[in-house]
Amino acid sequence: MSVVQIKNLNRRLDNLANEAVHELDKVCGNELWRNIGFDAFEGLLDSERRERANYYFGQWQTVRELQETLS
């Protein structure tokens with residue numbers, strides 16, 4: 001992979017991470033999930049919100065793993 005491709009990939013991964021963080025903050029109503037992690041979503045009573053939180057948390061974790069690999 002060229003340097004330009006890696007930079008573009010990192011930029012896209014940052015965008016995905018930012019989207020996931022924004023959605024998780026919105027779904028949870030606060031930023032506590034950042035400290036608590038996955039357990040923060042278990043307390044959500046609305047199953048639709050819990051599903052969205054699980055989806056975006058998985059997206060966020062995947063992006064972080066990819067970014068660590070590329071570093």
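Student: Among contacts between residues at least 6 apart in sequence, what share joins residues at least 24 apart?

Tutor: Happy to start there: 54% of those contacts in the protein do, where contact means heavy atoms within 4.5 Å. Bear in mind that this is a predicted model, in which local features need pLDDT of at least 70, side-chain atom pairs count only at pLDDT 80 or more, and totals for chains, interfaces and linings use all residues. Residues are numbered from 1 along each chain as its sequence is written, and side-chain values use heavy atoms, with hydrogens and water left out.

Student: What makes up the secondary structure?

Tutor: Three helices and zero strands; helices are DSSP runs of H or I with at least four residues, strands are E runs of at least two, and numbering goes from the N terminus.

Student: Why is α1 called roughly antiparallel to α3?

Tutor: Helix α1 (residues 3-28) and helix α3 (residues 47-70) pack at about 150°, their axes 9 Å apart. Axes are lines fitted to C-alpha atoms over the stretch in contact, and angles run from 0 to 180 degrees between N-to-C directions. Angles over 145 degrees count as roughly antiparallel, so α1 is roughly antiparallel to α3.

Student: Which residues touch the most other members of the largest nonpolar core?

Tutor: Of its 15 residues, they are L24, W33, F41, L44, A53, F57 and W60. Such a core is a set of buried Ala, Val, Leu, Ile, Met, Phe, Trp, Tyr and Cys residues joined through side-chain atoms within 4.5 Å, buried being under 20% relative accessible area with a 1.4 Å probe, protein chains only. Helix α1 gives the most to this core, with seven residues.

Technical notes. Angles under 35 degrees count as roughly parallel, over 145 as roughly antiparallel, 65 to 115 as roughly perpendicular and the rest as oblique. Buried means under 20% relative accessible area, exposed over 50%, partly exposed in between (1.4 Å probe, protein chains only).
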